[in-house]
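The sequence and the structure are shown first, and the description follows.

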Amino acid sequence: MTRMRMNPKLANRNCVARLVAYLVAVTVAATATGVITPAAAAERAEPHLYVLELIDLAGVQVRMVVPTTNRTLSEAGLSTRPTKAFEALRARSPKEYGVTSLRLDSATKATLVLDKVADADQVLAEVFWSLAALGYSELSAPPYIKDSVTLDRLSYGAAVTLLPLWDAVRFYDQPAAIGQAFVIVGNQPVPAAEAVKRLLKADPVLRKLLTDAVIGGALRPKLAVLELLIDARTRDAIRLKADDAAPALQDGSPHVRQLALDAVIAAGIVGNKTVIAALEHLVENDSDSELKLRAVKALSKAGVTKYADLLETEKLKTGTAKEAMDAVTKLSKSQQVKIAGPALVGALSHSDRGVRDAALKAIMDMAQYDLLHGALKGDMLSAEMREQIATLLVEHGQPAAQDDALLYLITKGKAVGAILACQTYGKRGAKTASPVLIDALKHDSAEVRTAAAEALAMLKDDRAIPPLADAADAKARDKETMLKAATEILASLSIDKVKTLTDAKNITVRQMAIRALAEFAKGSRPRPDVVAILQEKKRDPDINIKRSAVFALARLQDDGIARDLAELKKDSDVEVRVQVAVAVTNSSDKYTEAAQVLEEMMGDSDRKVRVEAIRGLGKRKVTSAVAKLVSFTKQPDKEVKIAVFEALLLLRTADNGKDLRPVFQKGMETQESGILLVCIAALAEKTSVADMEALRLALSDKSKAVRLAAVAALAASKLFEAMDPLSNFFNDVDKEVRKAALEGVCAIPAGDSVATKKRYLKDFIDVADIEAELKERAKQCLAAP
């Protein structure tokens, strides 16, 4: 046997590449059969023998079949080449062949009669490939192989070029380039040039190999065939049509769908119902907006205009802001909601805010909240837009969308969104939300932390107790909020468990448990066991435990306990004294000394104690304290003054109402909104002409609530004199206030001063930049009899 030596690197590069091609081709081979005549195969390039050689692959000796030229074979006639080839093989390796013989059964079939001493593996490999190159598609070798010899029955590999049909066909006009290549058909190697020639003659078997590749599971064959369809010369040569690419328009791969669209457009779709239907399905169901737009353009050129509105989507990306806005307007009115919706979602990332807002409104009007859910989960939109979408989905989305929206708001949203999420979780009542709410206890915003604590209190999940304790310790301003939430949760547990927690190692948890005991002790007769625990904790050396015990005792609404706590009215700790005031306030009327205790505490050195005592006097209706409270209206402390006016509001009677009215009128001169609201509430009852100037003072307050309250009081008076102060509010910065002032003037009877009322209404109409609808309303009032 001749031994072929090759440079190791060259051998590795050439032979391994051939072997890989061989293995790939066998793997993707399609099942088909066909007849190829030896004469036709012989028309290829110079015939070769395929012989077994020892090849050096990167230093490793491997035996494989390789092609080699043979002068005798080249000079033989077409009909004698199979016999000459076999004889040449046998002469080359007489020992391995022995007396093996070959019988040609037909133009494509042959039978190998193996000598018993022959090297069957070598003979089969050499004869199989040599005959295959001459067009023989079926070789049998009984009894060694019962049925036909196939590639998987060969013991040696072959250093031959194997091409998939979709690659071979690219050389349809260069047969010499694939002269020594093969195509696998029905698990048999077929000369590539002959396979291509058959395909050019529209052989149905080989054509089916291509069309089946388009709908098959392998990606590369699909792409290769679609590229053949796109090339006009190749497409026409092998007679492929747009119909052949249509199934790929629904492929799972976006790249395949893109090529499929290129292919049907290149092949032509005018009048092709099958392809048009496939394109319409793509337009209505595909998730790729760019692909849908291209399909719409193709359909429009083919005379299908029902999707013409969608051509506007291009303006959303390439047009001016005005063109994009016009496009949004047209898309919002499109009957093709399934198509227009995704296009509008794309406009949510437009650079112009007006376009973004208009697109969002259009999607809402279409009720396409599932599309918004998808957009929320993507990363193409701004944080502001995603928060807007999340807020909408909380109210309008499906359950899964609501869950995603709430999670986004509480973890990535701004404070207002996170607060909404907390409140919604609380209303839902599902303890599955506890983990995210617990995380929200660490939020940067105090308002969010408060909302999270309140939501946890609603869920009554005792897993939140330790985190609430940590949150209470982390920020002093949050402590009361966290304690309150934990108290509500603990109150839902068994009293035995709460009693156990009053001795917990964590001091803050102990505080929470002690406070919660009050909920178990409330009633006409507080539980002795609970009161005993609280009285014991009241004497605890730790001030926080003492505070919590006093806090709980103060809420039992028991006169005896209130008297006992009153002994602590001069305690050194401010928080304890505040709870003493609460306890005394909550006692019954039978505790006659309560008023005296509270009046004494009005003089406490701490503002919080004074405020609680003053509020207590108002709640208990201690009218004897009115004079003292009036004197407190001159105090500089804002919180104290608010409490004083609130108490005076509660203490008004038929006897002192006239005397207190100037106090409230004077209170309108302050710069504190909280005080103004209380004073307006007092002056709103039986409003007189004397109150007009005081109510007018609310005009300059920064609080909208104050200004609205003043307008409401003036309007409710129905006094003619109220029109003048009401007219001062015509120029208010807030539309709601302006509207309320206008309605107030309209509602006041003109009496004998119709001209004056009309003058005020005309003044309103003349206000610069006033809203058109408000002007129209003023004109209606002006025209009314």
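## Helix H37

Helix H37 covers residues 638-651, and at 1.5 Å a residue its 14 residues should span 20 Å, which agrees with the 20 Å between its end C-alpha atoms. The expected span is 1.5 Å times one less than the number of residues. Helices (H or I, at least four residues) and strands (E, at least two) are DSSP runs, numbered from the N terminus.

The N-terminal end of H37 is capped by aspartate 637, of which a side-chain oxygen lies 3.0 Å from the backbone nitrogen of glutamate 639.

## Basis of the model

This is a predicted model, in which local features need pLDDT of at least 70 and side-chain atom pairs count only at pLDDT 80 or more, while totals for chains, interfaces and linings use all residues. Residues are numbered from 1 along each chain as its sequence is written, and side-chain values use heavy atoms, with hydrogens and water left out.

## The four-stranded sheet

Four strands form an open sheet in the order E3-E4-E5-E6, with mixed pairing. Its edge strands, E3 (101-104) and E6 (145-148), each pair on one side only. Two strands pair if DSSP finds at least two bridges between them.

E3 and E4 (residues 109-113) pair in the antiparallel sense over four bridges; leucine 102 has leucine 112 in E4 as its bridge partner.

Definitions and conventions
Polar contact = N/O pair within 3.5 Å; in protein donor to acceptor, adjacent residues only side chain to side chain.
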